[in-house]
Structure formats: structure tokens, C-alpha cells
Amino acid sequence: MIDFTFQNPTRIHFGRGAMNHLESECRALGATRVLLVYGGGSIKRTGVYDQVMERLSGAQVWELGGVQPNPRLSLAQRGVELCREHGVELVLAVGGGSAIDTGKAIANGACYDGPLWDLFDGAATNTRTLPLGTVVTLPAAGSEMSNSCVLTRDEDLCKRGRSTPLNFPVFSILNPEFTFTLPPFQTACGVVDIMAHMMERYFTRVSHVELTDRLMEAALVTVMRNAPLVMQTPDDYDARAEIMWAGCLAHNTLYQTGRVGDWASHKLEHELSALYDIAHGAGLAVVFPAWMRYVLPRGGAPKLAQFARRVLGVTQEDDEAAAREGIARLEAFWQSLGLGTRLKDYGIDGRNVGRMAKRCTAMVGGTVGAFVVLDEAACCEIYRLAL
Ligand code: NZQ
Ligand code: ZN
């Protein structure tokens, strides 16, 4: 295990009554001027918007709707302007990862004088942020308790993540009932993303990380057991609750403690969702198995086999055979949720493989990944394995 410092300051209110904490959170922050950030309208159809507005009746609220999946810089810039114009004291993001990440970008941008993208391309940094609260309607990105924020620049579809302690929300409200209305595809994409956040950390070269290995194995098994239940019965509160809490824990950096994560699959996927605008989880279901097949003969077999045996119930004794069977079972599981596991399932061919591999590596010093370090050529090969 390597040295670490762990702190996660986000307060979580979880369960059927979680929304009742919104007023007291605003009061504690002294926030009477609120910017409400949300997506394309699902919160209005589901009634979550009304519940939020009821709790905010004592505050002045400005609204910024229209956040699209794979959220764009331009909308966040509009939010920054609104914050400055109206002296906003709390950014409240309601929705999935896209709404929450837009809220994070706005909260940071409101406290930085230069162009917002500076904070994403590393040209500058801020030292303060506005307080951010979230109401989660889609368990997936884990942004409600994470230090990261992912945004896409409109003009060249450059998608970049930024991790900083400033991104931790002050509070997040998680009511599993709010996820009953999710379309099966979004539920499935969320399940894949939650699993991927653990797998990125699970596949490490750091040894003696038994506790975090076991924590992630337990969470992965739990997610895999409950995912078919919510696909079958969307309003199964208990199964939704297991998935929602797992999604939060999967990315709140606890499982990162004492180890180095890989994150190549996320970087490879971000190029896919940037260019083709596919759902992040759908992209991961394509990229992760290809990444596994690539790293298997490059020293990956023992850890892949451990994953296959402990998470997927594989019994083969030979590591390579166990690893291969594990990859097959993982793909079959994601397919059982209705997702494709090949690029062609989303109508994507090989023509942009070189472009994506270049963009994936160029901005980050030429390589991605840590379990196996990948250069541009390796990234090309993984995209090809995903065709
Ligand atoms: O926009 P609305 O109308 O709200 O509809 C959304 C959207 O179309 C819909 N939805 C959400 N909750 C719903 C619902 N529909 C019905 N009922 C509900 N309860 O779902 C669609 C997808 O929403 P989105 O927020 O885009 O999905 P997700 O939560 O998967 O977020 C994806 C974004 O998060 C980033 C991804 O790259 C992507 O941009 N990530 C952010 C991370 C972070 N900040 O820590 C980490 C992740 O690895 C990820 O990269
Ligand atoms: Zn993710």
C-alpha cells in the first residue's frame, strides 16, 4: 500500500426523506440566492423540480436548464455570467453527472476571472469556489461525491476532466425513488459507469491493497446482483438504493486509498463520447473489455484472474484462462442489460481510431494508464480491439 491522504467533505443525505434536508442546508450556508442547474427536462416530468422549488420557496432562484449529456462549456459559461450578475450564493445541480458537472464548472468559474476553459486545460487554477449542492437523479458518474468534473469544449469537442478538492459538493441529496423513472438504457449505462469507477482502481500494480480490493469486490458483486432487479422492476426501492449508494462510494475516492488507479479506459472513452456523443457508460462497455484483452498478455493475467474469480465466479485455475472467461462473462453481463460491447453496435467504424488515440494521449504527456502504460499506438490497438 502506498501513502495517502484521504478527505471527503461532502455531506450525503440518503433515502426517501433526503430532500427534507435541502432547506436546512441552504440555511446553514446562509444562501438565499440560488442558481438551479438541470438537464433537458426530466426533472420537470418526474416531479423532482417541484419538490426542489417547494424547498427553495424562501430563496431567490435563477434557473439554468438545458444541460445536455456530455455537457458543454458554453452553457457553463452562461451559468458563470448568471452567478456574477445576480450574486449567486449556492449552485444547486439537479440531475445526473452532466448537470452536476456543469454546476461544478459554474461554481469554480464564478470564482475565477479568466476564461473557464483555463481551468480544464491546466492553463490556470482557482483557489475558491461557490458552494455546490446536488440532487441526484441518475446513479452513474458519482459526481455527487467526487472531486472531478468533465466538460466538453463546443468548437472542437475536446472533452476534459479536472480533479480538485474544490469540486467536492458541500452536500448531496440521494433519494433512490428519483431513479425509478430512468429509461432502461440510462440505468444500464449507469451500472457500467459505477462498475468502471471501481475497476479503474482495482486494476493496479500496487500490491498489498487487500482491504480496498475486497471493498470493491463486495460493491461490484452488489451492483451486479441488483442491476437485473431494477431492469425488471424499475421501482424496486431496495435494489435502486443499493445501486445508488454503490455509485456514490465507487467514485468518492475511498477506494482509491493506498493505490494508483489506471484510468486509461476512461480517457479512451472520453474521446469516444466527445466525438460520437454516445453515453459515457455505453462507451465504457465497449472500451473496458477491449482494454482487458489488451492488458491480459502484458502482465495483466493475475489481477484479471483475481477479478474474474472473486467478482464473476470464474473457477478456472489457470490465470490466463480465468481472465479470458472473466472478460467473456463481464461482456455477457453488460449485454444482458441491453448494451453493446463493440463499437459497431453503435454504428462506429475504425475511421477515427487514429484521431482519438492522438487526442487521448497528446494532452497528457503522450501516455495514459498505469496498470499498463499506453502510448498512442497502444490506444489505436485497443480501439481496434473494440471494433
Ligand atoms: O437531461 P435530462 O432531461 O435530465 O435527462 C437525462 C439525460 O438525458 C436522463 N435522466 C437523468 N435522470 C433521470 C433521467 N431520465 C429520467 N429519469 C431520471 N431520473 O439521463 C440522461 C443522461 O444524463 P447524464 O447526466 O448525461 O448521465 P450521467 O449521469 O451518466 O453523466 C454523464 C456525464 O458525466 C461524466 C461523463 O463523462 C458524462 O459527461 N462523468 C463525470 C464524472 C465525475 N464528475 O466525477 C466521472 C465519470 O467518469 C464521467 O466521466
Ligand atoms: Zn465514469
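Reader: Why does Thr-253 count as buried?
Author: Thr-253 has a relative accessibility of 15%, and buried stands for a relative accessible area under 20%, with exposed over 50% and partly exposed in between (1.4 Å probe, protein chains only); Thr-253 therefore counts as buried. This is a predicted model, in which local features need pLDDT of at least 70 and side-chain atom pairs count only at pLDDT 80 or more, while totals for chains, interfaces and linings use all residues. Residues are numbered from 1 along each chain as its sequence is written, chains are lettered from A and ligands numbered from 1 in the order in which they are written, and side-chain values use heavy atoms, with hydrogens and water left out.

Reader: Where is the place of Thr-253, and what is its phi?
Author: Thr-253 sits in the loop between helix H9 (237-250) and H10, where helices (H or I, at least four residues) and strands (E, at least two) are DSSP runs numbered from the N terminus. Its phi is positive, about 80°, although Thr-253 is not a glycine. Trp-263 also has its place in the loop between H9 and H10; this residue is not a glycine, yet its phi is positive at about 70°. With 17% relative accessibility, Trp-263 counts as buried.

Reader: What makes residues protein donors of the zinc ion (ligand 2), and which are they?
Author: Donors are N, O and S atoms within 2.8 Å of the metal (3.2 Å for Na, K and Ca), and since water is not among the atoms, sites may look incomplete. The protein donors of the zinc ion are Asp-193 (OD), His-197 (NE2), His-266 (NE2) and His-280 (NE2), which lie 2.0 to 2.2 Å from it. Along the sequence, the donor residues follow the spacing D-x3-H-x68-H-x13-H.

Reader: Why are Asp-193 and His-197 separated by about one helical turn?
Author: Asp-193 and His-197 belong to helix H7 (residues 184-202) and are 4 residues apart there, so about one helical turn separates them. Both Asp-193 and His-197 are buried. Gln-186 is found in helix H7 as well, but with a relative accessible area of 26% this residue is partly exposed.

Reader: Which residues come nearest to ligand 1?
Author: There are 33 residues around ligand 1, and Gly-40, Ser-42, Gly-97, Ser-98 and His-197 come nearest; a residue is near a molecule or strand if one of its heavy atoms lies within 4 Å of it. The shell divides into 11 nonpolar, 19 polar and 3 charged residues, where Ala, Val, Leu, Ile, Met, Phe, Trp, Tyr, Cys and Pro count as nonpolar, Asp, Glu, Lys and Arg as charged, and the others, Gly among them, as polar. Helix H5 (97-109), strand E6 (148-153), H7 and helix H10 (264-276) each supply at least two residues of this shell.

Reader: How far is an oxygen atom of ligand 1 from an N or O atom in the side chain of His-197?
Author: That distance is 2.7 Å, and an oxygen atom of ligand 1 lies 2.8 Å from a side-chain N or O atom of Lys-159. A nitrogen atom of ligand 1 is 3.1 Å from an N or O atom in the side chain of Ser-143. Ligand 1 taken alone exposes 970 Å², of which the protein buries 90%; these areas come from the Shrake-Rupley method with a 1.4 Å probe, and for residues only the protein chains shown count as cover.

Reader: Why is helix H12 (residues 301-312) called largely enclosed by the rest of the structure?
Author: In helix H12, 9 of the 12 residues are buried, so H12 is largely enclosed by the rest of the structure. The buried residues include Leu-304, Phe-307 and Val-311, and what covers the buried residues of H12 includes H7, helix H8 (210-232), helix H11 (280-295) and H13. After H12 comes Gly-313, whose phi is positive, near 70°.

Reader: How do you know that Tyr-294 is buried?
Author: Tyr-294 has a relative accessible area of 9%, and therefore is buried. Tyr-294 lies in helix H11, and, apart from neighbours within four places in sequence, its contacts (heavy atoms within 4.5 Å) include Val-372, Leu-374 and Ile-382. From C-alpha to C-alpha, Tyr-294 and Val-372 are 9.2 Å apart in space, although 78 residues apart in sequence.

Notes
Polar contact = N/O pair within 3.5 Å; in protein donor to acceptor, adjacent residues only side chain to side chain.
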